[in-house]
Structures are given as C-alpha cells and as structure tokens.
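Please open the structure in a viewer and keep the selection panel at hand.

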Protein chains: 4
Amino acid sequence: MSHAATPDYAAVLAQIHAEIEPSLGQGRVADYIPALARVPPRQFGMALCLLDGREYCVGDALVPFSVQSIAKVWAVALALRGAGEELWQRVGREPSGNAFNSLVQLETENGIPRNPLINAGALVTLDVLMDHVPDPVEAILGFVRGTARGVTVEVDEEVAASELAHSDRNYAVAHFMKGFGNIRHELAPLMRAYVRQCAIRMHCLDLCRSFLFLANHGVVPASGLRVLSHRQTKRLSALMFTCGFYDESGDFAFRVGLPGKSGVGGGVAAVLPGQFAIAVWSPALGRFGNSLAGIEALDRFTTRTGLSVF
Amino acid sequence: MSHAATPDYAAVLAQIHAEIEPSLGQGRVADYIPALARVPPRQFGMALCLLDGREYCVGDALVPFSVQSIAKVWAVALALRGAGEELWQRVGREPSGNAFNSLVQLETENGIPRNPLINAGALVTLDVLMDHVPDPVEAILGFVRGTARGVTVEVDEEVAASELAHSDRNYAVAHFMKGFGNIRHELAPLMRAYVRQCAIRMHCLDLCRSFLFLANHGVVPASGLRVLSHRQTKRLSALMFTCGFYDESGDFAFRVGLPGKSGVGGGVAAVLPGQFAIAVWSPALGRFGNSLAGIEALDRFTTRTGLSVF
Amino acid sequence: MSHAATPDYAAVLAQIHAEIEPSLGQGRVADYIPALARVPPRQFGMALCLLDGREYCVGDALVPFSVQSIAKVWAVALALRGAGEELWQRVGREPSGNAFNSLVQLETENGIPRNPLINAGALVTLDVLMDHVPDPVEAILGFVRGTARGVTVEVDEEVAASELAHSDRNYAVAHFMKGFGNIRHELAPLMRAYVRQCAIRMHCLDLCRSFLFLANHGVVPASGLRVLSHRQTKRLSALMFTCGFYDESGDFAFRVGLPGKSGVGGGVAAVLPGQFAIAVWSPALGRFGNSLAGIEALDRFTTRTGLSVF
Amino acid sequence: MSHAATPDYAAVLAQIHAEIEPSLGQGRVADYIPALARVPPRQFGMALCLLDGREYCVGDALVPFSVQSIAKVWAVALALRGAGEELWQRVGREPSGNAFNSLVQLETENGIPRNPLINAGALVTLDVLMDHVPDPVEAILGFVRGTARGVTVEVDEEVAASELAHSDRNYAVAHFMKGFGNIRHELAPLMRAYVRQCAIRMHCLDLCRSFLFLANHGVVPASGLRVLSHRQTKRLSALMFTCGFYDESGDFAFRVGLPGKSGVGGGVAAVLPGQFAIAVWSPALGRFGNSLAGIEALDRFTTRTGLSVF
C-alpha cells in the first residue's frame with residue numbers, strides 16, 4: 001500500500017499470465033466426481049475489479065467454472081444478514097489445523113465446527129440460513145446475480161447430482177452434528193441445498209464482481225446496496241484470511257496476504273479492502289485442494305504490486 | 001481505513017481506558033511460575049506509536065512487564081535475517097488449531113512445528129538463530145533496545161530461572177523434535193536462551209516502538225534501518241495474523257483485524273501496516289492464555305476508529 | 001484353574017448376590033433413549049451354565065432385558081461362518097483405545113474399523129452378514145433361540161424404533177465408512193438391522209446358554225452342533241478379551257480375566273473355555289458404559305473361585 | 001486345553017522350526033541403534049519349559065540376545081511386589097490403540113500412561129520401583145538370575161550406551177510426564193536404568209525359565225519362591241494379553257491366544273497358565289516392531305497343539 005505509483009494493472013495481469021503459462025496443468029484436477037474430473041486442466045483466467053469501476057481480464061476469465069467452496073462466503077454473508085451474531089453460537093471462527101473434511105475436531109468440540117468455511121461449518125451455516133429464507137440456494141443465486149450482474153450465474157445440476165451421489169462424507173459430518181443437536185433441518189433438503197450451492201457456475205469476472213462488496217466495507221459499489229456492516233465485513237474478511245484455504249490458509253496468507261477463498265473447481269477469489277477484488281481460475285489443484293496456478297498468480301500479483309493488507 | 005477524519009487518538013485511548021477500568025482483574029494471572037503469579041491483576045497500560053512519530057500512552061504504559069511469547073516475533077525477524085528462506089525448511093506457517101503446547105501435531109508432522117509462534121516453533125527458531133549469532137538473547141536484546149530506544153529493556157533473571165525450573169513440557173517438546181533431527185544444538189543452552197528470551201522485561205511504550213518496523217514494511221522509522229524486506233515483513237505479519245494468539249488467533253483476527261502477538265505476561269502488540277503500532281498490557285488472562293483486557297481494548301480501538309487491515 | 005476342590009457354585013452366586021445387593025443402583029442407567037432410561041436400576045441377576053449341563057441362577061436372572069452390544073458377538077460368529085477369513089479384510093482385530101463411538105481412528109485408518117465389537121465394526125459385520133443371509137436379525141434370532149432354548153428371545157420393537165430415532169451418530173459412522181467403500185448395502189436397511197439386533201431381549205439364563213458354545217470350543221453342548229471351528233472360537237474369544245468392554249476392556253481383563261462382552265442394557269456375558277459360561281445383568285452403568293454391578297460380580301466370582309483363563 | 005493326548009513337544013518344535021526356516025530373514029532387524037542393527041537376521045531359537053520341569057529347545061535357543069521391552073514384565077512384577085496396588089495410581093491398564101511411543105494419549109490423559117508395557121508406562125514403573133530398591137536394574141538382574149538360573153544374564157553395556165545416545169523420544173516422554181508430576185526421580189538416573197533394563201542380554205531358554213512363575217500362578221516352580229499372589233499374576237497376565245505387543249496386541253491374542261511380551265531385539269515370551277512358558281527369538285521384525293518368525297512360530301504352536309487360554 002506504500003507504493004507510490006498506481007500499477008499498470010493490464011500489464012501486470014498480462015505478464016503474470018505469460019509467466020504462468022508454461023507451468024499450467026501441473027497438479028491434479030479434482031476427480032472425486034466425474035463432472036469435475038473431465039475439466040481440461042490447462043485453462044487459466046484472471047479478473048481484477050477496482051472499486052472505481054475499472055475491470056481487467058486475461059486468459060479464460062469469461063469461461064464458466066464450478067465455484068464449489070467459494071460459495072461458502074456468500075452463504076456466510078447471507079446467514080450473517082439473517083441471523084446476525086447468533087450464527088456464532090453454532091459455528092466457531094478458528095482455523096481448523098486439519099484436513100478440510102476432518103471429523104476429529106467435531107468430536108472433541110461437541111459438534112461445533114471450527115469455522116463456517118470448512119464443510120462442517122458450511123452445513124451449519126446453511127442450516128441457519130434455512131431458518132431465514134425459503135430456499136437458500138435461490139437466495140444465494142439472487143444475491144450473486146445482483147452483485148455480479150452476471151446473467152449466466154446458475155446451478156450446474158449435473159455437477160450437483162454428481163456431488164449428491166458422492167456425499168457420504170458430508171452426510172457423515174451432518175449426521176454427526178445432528179447427533180449433537182447442531183443441525184436442525186432434515187438432512188435430505190439440507191444436503192440438496194449444499195451440493196447445489198457448491199455447483200454454482202460462473203466465470204472469473206462475475207466471481208470477482210461478486211466479491212467487490214467485501215473490498216468496499218460491505219457495500220456493493222455498483223448499486224450502493226449495503227450487504228453487511230463495516231464491522232461484519234471486517235469479520236468475514238478475517239475469517240477468509242485465517243480459514244479460507246483449508247490447511248493451506250497460513251501459507252496463502254504468508255505468500256499472498258489477502259483475505260480470500262478457494263474452491264476445488266480451481267477458483268480463487270480475494271479482496272484488498274479499500275481497493276479491489278481479484279479472481280483467478282485454473283483447475284489443476286495442489287495437495288491441499290487449492291488451485292496451484294491460482295495461488296501462484298496471486299502471489300506474483302501482490303509481490304509485484306506491493307499491494308496486500310500488510 | 002476508509003474513515004475520512006483522523007481520529008483524536010489521545011481521546012480514543014482515554015475513553016477505552018475508562019470503559020475497561022471496571023472489568024479489570026477478571027480472568028487469571030498466569031500462575032505456572034511464582035514470579036508471574038504475584039503480578040497484581042488490575043494493572044492496565046496502552047501505547048500507540050504512529051509512523052509519523054507521534055506517541056500516545058494511557059494507564060500503566062510505563063510499567064515494565066514480562067513479554068513472554070511476544071519475544072517470539074523478534075526472534076523470527078532475526079532468524080529470517082540470518083537464515084532467510086531456509087528457516088521454512090525447519091518450521092511451517094500454518095495455524096496449529098490446538099492448544100499452544102500440543103505435541104500431537106509434531107508427532108504426525110515429523111517434528112516440524114506448525115509455525116514459529118508456538119513454543120515448538122520458537123525453539124526451532126532459536127536453534128536456527130544460534131547458527132548465526134553467538135548469543136541469541138543478546139542479539140534480541142540489542143535489536144529491541146535499538147528499535148525501542150528503551151534503556152530499561154532487560155532480562156528478568158528471576159523469571160528466567162523460575163521458567164527454567166518449570167520447563168519439563170518445553171524440554172519434552174525439544175527432545176521430541178531432536179529425535180526427529182529438527183533441533184541441532186545442545187538442549188541446555190537452547191533452553192536457557194528460550195527462558196531468557198521469554199523473560200525480557202519492558203514497558204508498553206517500548207514494546208510498541210519495537211514493533212513499529214513491522215508497520216513500516218520492515219524499516220525502523222526512527223533510524224531508517226531496514227530490518228526485513230517488504231516481502232519478509234508481509235510474511236511475518238501474515239504469521240502473526242493467523243497464528244499470533246494460540247488457539248484464539250481466529251477470534252483475535254475476527255474481533256481486532258490486526259496482525260499481532262500476545263504473551264502470558266499479559267502483553268499484546270499489534271500493527272496496522274502503513275500507520276501505527278499499538279501495545280496493551282493487562283496481566284489477567286482468558287482461557288486461551290491471552291490478556292482479557294488487552295484484547296478487549298484492541299477490539300474497541302479498531303471498532304471505534306474503523307482502522308484495521310480490512 | 002489350579003484350585004483343587006470344585007466350588008459350590010450355588011453358594012458362591014448367593015454370596016456374591018448378598019455382597020453386591022447394598023451397592024445396587026450406583027451408576028447410571030443408559031438414558032440416550034427413553035425406552036432404556038426407564039428401566040429400574042436396582043435389578044440384578046446372574047446365571048452360570050457349566051459344560052456338563054448344570055445351571056445356577058440368582059436374583060433377576062429370568063427377567064428379560066435389552067442385550068444391546070452383546071448381540072455383536074453372535075453377529076461376528078455368524079459372519080465368520082458366512083464369510084470366513086474374508087471378514088478380516090473389512091474389519092480389524094485391535095483394541096481401539098478410544099471411546100466406543102469414536103470416528104478418529106476410522107479417519108486415520110481409511111474406514112476400516114479397529115474391531116467388530118465397536119459400533120463401526122458391528123455395522124461392517126452386519127454389512128458382510130447381509131451378503132450371506134436374507135435377514136441378518138432373523139438369522140441371529142434363530143441362532144440364539146437354537147443355542148439358548150429360550151422361547152422368549154425376541155426383538156423389542158419399541159426399543160428398536162427408539163434407537164432408530166437416535167441413530168445420528170451411527171448414521172455418521174456408516175456414511176463415513178461408505179465414503180471409504182467399506183459399507184456396501186443401503187444404509188436404511190443396514191441401520192434397521194443394527195437397531196433391531198441391539199434391541200434383542202432375553203434373560204440372563206438364556207444369554208448364558210447362548211454363550212456356552214464359546215466355552216466349548218465352538219460346539220453347542222446341548223445339541224452337538226458345531227458353530228465355529230476350534231480356531232475360530234479361540235479368535236473370537238481373543239477379540240472379546242481385548243475389545244469386549246469399550247475403553248474398559250483392559251480393566252475387565254485385569255480384574256476378571258475372562259473373555260466377555262457387555263451391553264449398555266446392563267448385561268455382561270463371559271466364558272471360561274473348557275468350563276462354563278456366565279452372564280450377569282444389572283442396568284446401572286459406570287463411566288465407560290459397562291454394568292457396574294455386573295463387572296463387580298464377575299470380579300468377585302473369578303477372584304473367589306480362582307477360575308479365569310490365567 | 002481339551003485335547004486328550006499330550007503333544008510330543010520335541011517333535012512339534014522341530015516341525016515348526018523346519019516349516020519356518022525358509023522364510024527366516026523376512027522383515028527388518030531393528031536399526032534405530034547400531035548395536036542392534038548388525039545382528040544377523042536369519043537366526044531362530046525356541047524354548048519350551050513345562051511346569052513339571054521338562055525343557056525343550058530348538059535352533060539358536062542358547063544364543064544370547066537383547067531382551068529389550070520384554071524386561072518391562074519383570075519390572076512390573078517387582079514394582080507390584082514393592083508398591084502393590086499403588087502402582088495403579090500412576091499407570092493405567094488399558095491397551096493404547098496407538099504406536100508404542102505415542103505422546104497423544106499422554107496429553108489427553110494427564111500424563112498417566114495407558115499401561116506399564118508401553119515405553120511411557122515402563123518409565124513410570126521404573127520411577128516407582130526406584131522408591132523401593134536401591135538399584136532397579138540390579139534388582140531385575142537378581143530376580144531374573146534367580147528364576148532363570150542363567151549365569152550369563154547380564155547387561156550389554158554397549159547396547160545400553162547406544163540406546164542412551166538415541167533416547168530423545170524417551171526423554172521427551174519422561175519430561176512430559178514429569179511436567180504432569182508423574183515422574184518423581186531425576187531423569188538422568190531414570191533413563192540410565194531404563195536403557196540398561198532394555199539391554200539385558202540372555203538366551204531363549206533362560207528367558208523361558210524366567211517367565212515360568214507367570215505360568216505357575218506366581219510361584220517359581222524350581223524354588224517354590226512366591227513372586228506374586230495368584231491374583232497379581234492373573235492381572236499381570238491380563239496386561240500382557242491386552243497390551244504386550246504394541247499395536248499388534250489384538251492380533252497376537254487373536255492368532256496365538258497366550259499372554260506374552262515382545263521386544264525389538266526379536267524375542268517373544270509367553271505362558272499358558274497351569275502348563276508352560278515358551279520363548280522364541282528371531283531378530284527380523286514386522287511393521288509393528290514384533291518378531292515376524294517369533295509370532296508365526298507361536299501361532300503354529302498353539303494352533304497345532306490346541307493349547308491356548310481359550
């Protein structure tokens with residue numbers, strides 16, 4: 001933030017794209033469901049949206065992909081709007097220090113997930129949200145379409161169905177928390193909402209736009225709509241910063257220094273409060289389930305521009 | 001950061017002090033060693049140092065106290081200067097998601113501590129530092145005296161001796177890592193250095209000054225001395241943000257939104273990059289070992305001023 | 001086994017009953033389902049069946065109760081008959097060293113339960129058994145009725161329904177293992193079979209008779225029917241010895257020195273190979289979920305008579 | 001125990017030796033210290049001692065080897081003689097369900113080791129024994145020489161020194177328990193006693209003789225000396241049965257069905273109460289640290305003769 005000159009963002013993005021191009025395809029595309037496994041791995045897109053309205057894109061920034069866990073951020077935002085501070089009775093806000101689908105901590109911590117950005121916490125978040133809206137996925141879609149202006153934001157029902165057919169681990173987590181009384185709705189509609197939320201499909205630019213309110217202290221810049229208070233936005237950003245990248249969250253903070261969230265579809269979205277939102281997509285993942293090229297691109301972006309929260 | 005007017009910092013500190021005064025003494029003073037257990041619990045001090053040189057104090061800001069784990073930050077800074085990126089071969093940078101003295105993760109992760117701000121990681125950091133300086137505690141003291149201008153920064157040898165007499169847990173951790181080959185020096189001098197580092201004694205204002213280089217992208221403002229590169233400073237700040245408060249790190253980030261570090265002596269130091277360093281001290285601790293009033297004061301400070309990294 | 005004179009078993013049982021009478025009701029009746037919670041806690045029955053056909057009873061030995069986890073032993077016996085050694089591809093034979101419903105080890109051991117006498121292992125055992133018999137609970141009932149001659153052995157459908165309504169934890173375990181591919185049937189019929197197996201209702205004397213084949217190296221003494229080979233019987237006895245009492249298995253072995261199995265209904269059944277089967281029932285449980293008076297009675301029995309496997 | 005004819009033990013041992021011969025050397029000799037790593041792996045010896053005085057040997061039954069963890073059994077016997085039931089205030093009697101040197105359970109169970117046959121429990125046992133005898137290793141040696149009549153039973157000081165130089169993990173465990181107050185003597189003499197106890201060197205026949213009192217309800221048959229009461233012997237046998245083979249204890253019980261104890265030197269000793277003691281030695285170990293050929297030989301012995309506690 002101390003760098004004097006405004007970067008030439010178009011040039012920075014182009015340069016990063018060129019540098020990363022040769023290594024695209026390293027890592028592994030998520031293969032736990034067939035609909036994700038067949039995505040060609042060498043795709044790469046990046047979008048940057050400034051608060052002043054400027055937008056920059058490179059590569060496959062307009063190719064839709066499955067946002068997967070990135071949707072957890074919108075769900076938390078809506079649950080905070082609906083339930084306010086009561087959400088924190090049902091879910092914590094600490095990094096988990098464990099693989100993203102671990103049941104160990106749930107067992108020692110009485111069914112209260114560590115934070116809303118791991119699967120267990122996202123299920124509780126949806127369970128809370130279902131008390132406040134008739135259909136949580138429609139609510140999320142409406143919100144995203146409003147913030148992103150993206151007409152093509154939609155649920156990929158094939159991906160959703162495929163995830164539902166491979167949801168034993170999530171069912172285990174949900175039953176486990178239900179045994180502690182921390183899931184209150186029926187599991188079938190809850191799980192259906194969960195897999196549909198994960199299966200939301202959109203491109204980098206729309207994803208980037210949809211995160212811009214987080215860079216603007218809770219207000220959607222284009223519409224002036226306040227989604228969250230300044231304080232709630234700070235808190236959600238802190239959650240993304242400490243918990244947004246599974247068991248690689250510390251490393252992402254260390255390398256990139258921005259609050260953000262990844263999904264196993266290969267997307268990453270992040271913000272610099274007061275300045276911009278940025279989204280990258282490249283489907284090949286590293287060992288912790290985050291986009292290899294996506295994190296590398298953001299590392300280069302914040303290192304080159306000197307722009308991070310620190 | 002979006003707030004238009006500059007806050008009247010003197011008034012803000014005075015107001016927070018007045019608000020917190022009635023609840024001072026709640027919680028428990030660290031009692032694992034006698035020298036800490038007899039500190040009167042109702043003390044409270046706060047200091048703020050801006051990059052432009054202004055300094056503000058309230059309460060017991062000039063009463064010296066034991067910094068304890070806050071010293072880990074200086075040790076990491078010096079180890080980074082000495083060993084550079086090699087440090088990360090020996091210690092990770094992920095939140096631990098466990099009590100601060102846990103051996104569980106060390107066992108599953110082959111003796112590599114999760115991060116340098118937990119005890120295990122601090123021991124490895126010192127072990128690395130001992131390769132680069134003849135006496136690591138003298139190096140830390142010299143560094144702190146230089147950045148803090150504090151003539152009274154010193155090791156409380158009584159506290160150090162008391163800690164050494166209660167260091168079975170840390171010896172266990174050190175032997176455990178030595179069994180994995182991740183401690184290389186003899187344990188006796190290592191442990192002596194560790195307890196002396198923890199027993200450094202100084203007041204809030206000096207502590208605050210000693211953190212100011214972290215708010216200034218690695219350069220000590222008063223002297224112009226570069227301690228760390230911009231990138232190293234970003235990384236150390238990220239570590240503090242995700243790992244600085246034991247198993248309450250996520251909550252501190254959530255409430256306060258600043259990178260910082262606490263110690264069981266009741267001190268907390270934090271920075272806002274580009275703007276200020278801030279330090280609070282109040283000896284009564286909450287259940288995770290962090291100063292209750294210290295965190296409350298910082299929560300109020302960032303909430304009231306709207307100044308946080310988000 | 002070295003004691004010269006044959007004990008006067010009737011006198012021994014009567015004496016133990018008298019000694020234990022004053023402390024009956026200490027502990028807690030299982031209260032996780034209403035149908036079990038209302039069982040009067042001060043009941044106590046004990047039955048002893050020798051291989052030579054003699055039978056001894058005291059107290060409430062003819063009052064039916066819910067066998068709960070004791071049924072796991074019959075299920076393993078039938079699964080061994082059906083699947084033979086292949087059973088051990090799906091479930092281990094090590095003590096779990098953890099609470100009986102823990103998911104932790106399942107996670108680190110890829111969905112293979114530690115042994116067939118914990119809930120996870122019993123679900124796998126049923127899943128295996130379902131490949132070999134059309135209705136596993138009917139198979140178990142038929143087997144028990146045959147060995148026990150008990151006309152009143154039946155499923156308490158109210159208890160079964162109540163357990164099914166409180167089976168989130170077991171559903172979590174089952175889904176979790178299904179995610180690893182170690183459950184192959186549909187969960188609904190599997191869970192229905194599981195709760196009905198647990199809800200088998202019979203009295204001490206019948207329970208005792210039903211274990212007699214385990215004391216007779218695999219052959220039902222009354223009918224001459226071979227259920228298991230000598231070697232299979234040894235192995236099943238070893239499993240009961242090391243794993244039959246949840247996280248109190250070592251203590252039971254230590255105090256009593258017989259292979260056996262407990263249930264949260266308050267029943268305990270055990271055998272001395274070559275000599276006898278013994279069953280006790282008293283519904284009030286200790287902290288590990290085993291009948292307090294049941295274990296105390298067996299401790300007194302083996303200590304007084306000097307009869308144990310050691 | 002139900003088999004009518006007395007086996008021809010000499011023939012049984014010879015046959016087992018012949019059957020096992022081709023597979024000798026599979027597995028890995030313990031290599032964590034050089035003095036053990038250079039033992040030729042294809043050695044195999046077996047000794048059987050009946051209560052009536054008959055003794056049988058095959059193979060390398062008179063070649064001395066390092067008993068390692070087998071010594072834990074003698075230490076428990078002596079600690080029980082010295083401290084009686086108080087020993088159980090300091091150490092548990094449950095299987096650990098974890099690798100033999102795990103610190104995890106110590107942490108959750110406040111420094112009380114699960115049982116005296118894992119390293120942590122053996123250290124506590126020695127710590128207790130040091131309250132009752134001036135030199136615990138001399139006491140153990142005296143006891144073993146008395147029961148075994150073995151003039152060559154001695155400490156291999158080279159092995160002891162080598163173990164001491166590789167004892168960081170055990171120091172970690174000891175410090176950890178000392179932090180909980182469950183180690184009371186100085187660590188240096190405790191650890192010296194521990195490594196010397198492990199380094200006791202003797203051959204199979206002497207080892208077998210030294211276990212014979214456990215088969216005889218606590219009395220050394222040759223001398224008539226009572227070491228433990230019948231009840232204490234039962235309890236120690238139960239401990240060996242549930243905890244004697246690290247995380248392979250259940251499997252040993254399952255396959256062999258005798259109480260016993262192994263050591264990483266490749267030795268295994270076991271007893272059938274009322275009948276015999278048996279010892280095998282072959283240095284190549286399986287993945288859980290137990291002699292591969294030793295367990296295989298005992299499996300064949302109990303399967304062929306039908307002699308086990310079940």
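This is a predicted model: local features need pLDDT of at least 70, side-chain atom pairs count only at pLDDT 80 or more; totals for chains, interfaces and linings use all residues.

**Stop 1: chains A and B**

Select chain A and chain B together. Their contact takes 37 residues from chain A and 37 residues from chain B. On the chain A side, helix H12 (230–243) and helix H13 (249–255) each supply at least two residues. Which helix gives the most to the side of chain A that touches chain B? The answer is H12(A), with 11 residues. By class, the residues on this side of chain A divide into 12 nonpolar, 17 polar and 8 charged.

**Stop 2: chains A and C**

**Stop 3: chain pairs without a contact**

Select chain B with chain C. No contact joins these two chains, and their closest C-alpha atoms lie 11 Å apart. Then select chain A with chain D. No contact joins this pair either, and the closest C-alpha atoms of chain A and chain D lie 11 Å apart.

**Stop 4: helices H8 and H10 of chain D**

Select residues 157–164 of chain D, which form helix H8, and residues 187–198 of chain D, which form helix H10. The axes of these helices come within 8 Å and cross at roughly 130 degrees. H8(D) and H10(D) are therefore oblique to each other, and their crossing is right-handed. Show the side chains at the contact: D:Ala160, D:Glu163 and D:Leu164 in H8(D) meet D:Met191, D:Arg192, D:Val195, D:Arg196 and D:Cys198 in H10(D). This contact has 5 nonpolar, no polar and 3 charged residues.

**Stop 5: helices H1 and H14 of chain D**

Remain in chain D and select helix H1 (residues 9–20) with helix H14 (residues 292–305). Their axes come within 10 Å and cross at roughly 135 degrees. H1(D) and H14(D) are therefore oblique to each other, and H1(D) passes H14(D) in a right-handed crossing. From H1(D), D:Val12, D:Ile16, D:Glu19 and D:Ile20 take part. In H14(D) they meet D:Ala293, D:Glu296, D:Ala297, D:Arg300, D:Phe301, D:Arg304 and D:Thr305. The residues of this contact divide into 6 nonpolar, 1 polar and 4 charged.

**Stop 6: helix H14 of chain C**

Select residues 292–305 of chain C, which form helix H14. At 1.5 Å a residue, its 14 residues should span 20 Å, and the end C-alpha atoms are 20 Å apart, which agrees. Among the buried residues of H14(C) are C:Leu292, C:Ile295, C:Leu298 and C:Phe301.

**Stop 7: helix H9 of chain A**

Apply the distance tool to helix H9 (residues 187–198) of chain A. At 1.5 Å a residue, its 12 residues should span 16 Å, and its end C-alpha atoms are 16 Å apart, which agrees. Buried residues of H9(A) include A:Leu187, A:Leu190, A:Tyr194 and A:Cys198.

**Stop 8**

Select A:Asn110, in the loop between H4 and helix H5 (119–129) of chain A. A:Asn110 has a positive phi of about 60 degrees although it is not a glycine. Is A:Asn110 buried or exposed? A:Asn110 is exposed, because 10 other C-beta atoms lie within 10 Å and a residue with 12 or fewer counts as exposed.

Move to B:His217, in the loop between helix H12 (212–215) and helix H13 (230–243) of chain B. B:His217 has a positive phi of about 55 degrees although it is not a glycine. With 23 C-beta neighbours inside 10 Å, B:His217 counts as buried.

Finally, select D:Pro34, which is found in helix H2 (residues 34–37) of chain D. D:Pro34 has 12 C-beta neighbours inside 10 Å and therefore counts as exposed.

Definitions and conventions
Residues are numbered from 1 along each chain as its sequence is written. Chains are lettered from A and ligands numbered from 1 in the order in which they are written. Two residues are in contact if their C-beta atoms, placed from the backbone, lie within 7 Å. Axes are lines fitted to C-alpha atoms, for helices over the stretch in contact, and angles run from 0 to 180 degrees between N-to-C directions. Helices (H or I, at least four residues) and strands (E, at least two) are DSSP runs, numbered from the N terminus. Angles under 35 degrees count as roughly parallel, over 145 as roughly antiparallel, 65 to 115 as roughly perpendicular and the rest as oblique. A crossing is left-handed if the near helix is turned anticlockwise from the far one by less than a right angle, and right-handed if clockwise. Ala, Val, Leu, Ile, Met, Phe, Trp, Tyr, Cys and Pro count as nonpolar, Asp, Glu, Lys and Arg as charged, and the others, Gly among them, as polar. The expected span of a helix is 1.5 Å times one less than its number of residues. A residue is buried if 20 or more other C-beta atoms lie within 10 Å of its own, exposed if 12 or fewer, and partly exposed in between; C-beta atoms are placed from the backbone.
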